[in-house]
Amino acid sequence: MRLVIARCSVDYVGRLTAHLPMAPRLILLKADKSVSIHADDRAFKPLNWMNPPCSLREEPYDENGAISKWTITHGKTGEKLILTIEEIMHDHSHELGLDPGLQKDGVEAHLQELLAEHITTLGDGWTMIRREYPTAIGPVDILCRDHTGATVAIELKRRGDIDGVEQLTRYLELLNRDTLLAPVRGIFAAQEIKPQAKVLANDRGIDCVTLDYDELRGIERDGTLF
């Protein structure tokens, strides 16, 4: 990962245009060939970004006080981020190595196990492909097929919020590039799903399912077994 703090402006050129005026910003260039530009607010959300794969061209630039220009081009769509840089305050690369992935808590991990075992909870005729289906950005909790044979990716949380929907969105983007799986639709499943997450999921064409942990374990509300 390369971390750069620079005073720069950012122009997006693609399906539309957008401009960020000159200001100090953090630029993250990751090993997966993604790029994101951050301010010192907005929590973790970038001001602008480019999904992988991207290429970066750095060139000298001497106009209106600028010292260099970076052109970041998406490898498939041709969309561009153009950074005009006045000053670089920090530029350092770090090798993070292989990430071990997210370690789920006991309930979340057990939810995944139970739903995989009882995938027909989602409908008759549903079948499993596998749990922890690998992608370039991490494993999908469950990959399965519905009663029509269509591929479905499921992201499981104990409490579902916007972050989980964003995570599933990224998985779907990658999975739908695989011609053997596409089209792939998504299901966001949790014991409790926040209203904002439901709105975002609906906007992205992702279904939401609220899971009953006790029911999946085969326990009635009074504590007896089914």
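**View 1. Gln 167 sits in helix H2, which covers residues 162–175.** Helices here are DSSP runs of H or I with at least four residues, strands are DSSP runs of E with at least two, and both are numbered from the N terminus. This is a predicted model, in which local features need pLDDT of at least 70 and side-chain atom pairs count only at pLDDT 80 or more, while totals for chains, interfaces and linings use all residues. Residues are numbered from 1 along each chain as its sequence is written, and side-chain values use heavy atoms, with hydrogens and water left out. Is Gln 167 buried or exposed? Gln 167 counts as buried because its relative accessibility is 17%; buried means under 20% relative accessible area, exposed means over 50%, and partly exposed is in between (1.4 Å probe, protein chains only). The side chain of Gln 167 makes a polar contact of 3.1 Å with the side chain of Tyr 171. For a polar contact, two N or O atoms must be within 3.5 Å; within protein, one must be able to donate a hydrogen and the other to accept it, and residues adjacent in sequence count only if both atoms are side-chain atoms. Setting aside residues up to four places away in sequence, Gln 167 touches Glu 155 and Lys 157; contact means heavy atoms within 4.5 Å.

**View 2. Here H2 packs with helix H3, residues 195–203.** Two packed helices are described by the angle between their axes and the distance between the axes. For H2 and H3, the angle is about 25° and the axes are 8 Å apart. So H2 runs roughly parallel to H3. Angles under 35 degrees count as roughly parallel, over 145 as roughly antiparallel, 65 to 115 as roughly perpendicular and the rest as oblique. The axes are lines fitted to C-alpha atoms, for helices over the stretch in contact, and the angles run from 0 to 180 degrees between N-to-C directions. Which residues meet? From H2 come Ile 162, Val 165 and Glu 166, and from H3 come Gln 196, Ala 197, Leu 200 and Ala 201. Sorted by type, the residues of this contact are five nonpolar, one polar and one charged (Ala, Val, Leu, Ile, Met, Phe, Trp, Tyr, Cys and Pro count as nonpolar, Asp, Glu, Lys and Arg as charged, and the others, Gly among them, as polar).

**View 3. Leu 83 in strand S7 (residues 80–93) meets Ser 9 of strand S1 (residues 2–13).** Leu 83 is buried, with a relative accessible area of 0%. Ser 9 is buried too, at 8% relative accessibility. Beyond its neighbours within four places in sequence, Leu 83 is in contact with Ser 9, Val 10, Ile 27, Ile 37, Ser 68, Lys 69, Trp 70 and Ile 72. Take Ile 37: Leu 83 and Ile 37 are 46 residues apart in sequence, and their C-alpha atoms are 9.9 Å apart. Leaving out residues up to four places away in sequence, Ser 9 touches Leu 83 and both residues beside it, Ile 82 and Thr 84, along with His 19, Leu 20, Pro 21, Met 22 and Arg 25.

**View 4. Glu 132 in strand S8 (residues 127–133) pairs its side chain with that of Gln 112 in a polar contact.** That contact comes in at 2.8 Å. The two residues are 20 apart in sequence and 9.2 Å apart in space, C-alpha to C-alpha. Glu 132 is partly exposed, with a relative accessible area of 30%. Check its backbone as well: phi of Glu 132 is near 50°, a positive value in a residue other than glycine.

View 5. Most residues other than glycine have a negative phi, and most peptide bonds are trans. With 71% relative accessibility, Asn 64 counts as exposed.

**View 6. Residues 219–226 have pLDDT under 50.** pLDDT is the predictor's confidence in each residue, from 0 to 100. For this stretch the model has twelve contacts beyond four places in sequence. Across the protein chain, pLDDT averages 89, and 92% of the residues score at least 70.
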